[in-house]
Amino acid sequence: MSRPSGAPPARDYCPNCRIAGPHDRNRPRCPRCNGPLTPLDAYGRIARQEATPRAQMAPGAPMTQAERNHTYVPPRTSAGGALRPGPRLSRHVKWVATRPADSRTRRRRVAAEPTPTPHYDHNPGWGLVDLPPAEPVAPQKTYIERMAARLPRLLIASAIVLGLAAIAQTWLYVLLVINLDAPIGYSMAVSARATVVATGVAAVGLMVACLVGLAGWLMDERRSAYARHDQRDPRSPEQIMLGCWIPILNLVKPLAFFRELLDRREDLLPDYTRKRLWWLWAGWLLVNALVISGVGIRIFADTLVWQSNALVLVIVSNLLSAVFAVALWWTITRLFAREAPSAAPRRFLVAA
């Protein structure tokens with residue numbers, strides 16, 4: 001138990017409610033719980049209390065400044081004159097400093113003069129900004145998808161370049177025939193060789209691009225055809241690419257890919273489309289046979305006559321390759337584009 005201090009009381013503390021307020025001699029009990037109040041000094045210690053309250057003193061008795069500020073109360077003693085120990089102050093007490101009522105200044109309210117309505121002379125430039133709606137970003141296409149979208153144009157370009165290569169090689173063949181009887185100029189021979197090499201390299205590059213685009217076109221068309229039947233393409237993209245690009249497999253695999261695509265396309269005439277595919281495949285085999293024969297003879301030929309014969313085979317293979325490129329373009333843009341002509345069966349009637 002803490003001993004009472006000799007300092008005057010400054011606050012009244014209620015142990016039950018754990019609240020404190022300014023000291024009032026005429027308020028011996030808590031107004032909330034009606035419990036006894038404990039006087040505390042300015043340091044939170046139990047203070048002494050005056051035995052005679054102000055209500056029992058003679059009227060008109062002078063009051064000191066400390067009594068007017070509620071900061072002093074005479075000490076409270078027991079009947080024998082000894083100090084009564086009070087309860088220990090809790091550490092959870094919150095002290096609040098208040099100013100005396102007579103020292104508080106009141107603010108005078110001054111009537112504000114009427115002001116005009118706020119407005120802007122120009123656009124303030126702040127606030128909500130109306131941004132245009134963001135356009136959906138298209139997914140980035142792969143190289144194979146871009147080549148598949150350009151496949152028709154690549155086929156037409158390949159046909160044109162192959163035709164130019166056939167013309168350049170024909171020019172070279174004519175120079176070889178003339179050279180049998182009379183010599184030709186060096187510049188003429190160099191220009192002919194350069195034209196043949198340039199057109200040949202361009203034709204090979206376009207052929208590779210067409211094979212890449214054809215693989216992408218097959219993957220896209222097969223994916224759409226199988227999706228309409230709620231199925232998944234059994235051929236993986238790797239199988240289609242290898243079947244179109246490997247030299248030996250690309251002789252038979254593309255036909256299988258086209259036939260599987262035809263089986264999932266009810267909008268096409270099966271017999272009409274199958275016949276065109278067979279003719280296309282036969283042309284593809286013939287073109288490859290002529291190219292391999294012409295290149296082989298030209299490499300292993302020992303005489304000028306056999307080199308001329310090999311050149312003739314290369315010219316013929318270039319012309320057939322150009323025709324094949326146009327036929328493949330027609331197959332992709334017309335036959336499989338739901339624009340195939342209707343092949344109605346012919347009916348024969350008995351004449352009357």
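Analyst: Helices are DSSP runs of H or I with at least four residues, numbered from the N terminus. This is a predicted model, in which local features need pLDDT of at least 70, side-chain atom pairs count only at pLDDT 80 or more, and totals for chains, interfaces and linings use all residues. Residues are numbered from 1 along each chain as its sequence is written, and side-chain values use heavy atoms, with hydrogens and water left out.

User: In which helix is asparagine 318 found?

Analyst: Asparagine 318 belongs to helix α8, which covers residues 304–335.

User: Is asparagine 318 buried or exposed?

Analyst: Buried means under 20% relative accessible area, exposed over 50%, and partly exposed in between (1.4 Å probe, protein chains only). Asparagine 318 is buried because its relative accessible area is 11%. Isoleucine 156, in helix α3 (residues 151–179), is partly exposed, at 33%.

User: Which residues are in contact with asparagine 318, leaving aside its neighbours within four places in sequence?

Analyst: Contact means heavy atoms within 4.5 Å. With those neighbours within four places left aside, asparagine 318 is in contact with Leu162, Ala165, Ala166 and Gln169.

User: Which residues have the most contacts inside the largest nonpolar core?

Analyst: A nonpolar core is a set of buried Ala, Val, Leu, Ile, Met, Phe, Trp, Tyr and Cys residues joined through side-chain atoms within 4.5 Å. The largest has 41 residues, and Leu214, Trp217, Leu218, Ile240, Phe258, Ile332 and Phe336 have the most contacts inside it. Helices supplying at least two residues each to this core include α3, α4 (186–228) and α8. Its largest share, 11 residues, comes from α4. Another core, of nine residues, lies apart from it and includes Ala166 and Ile315.
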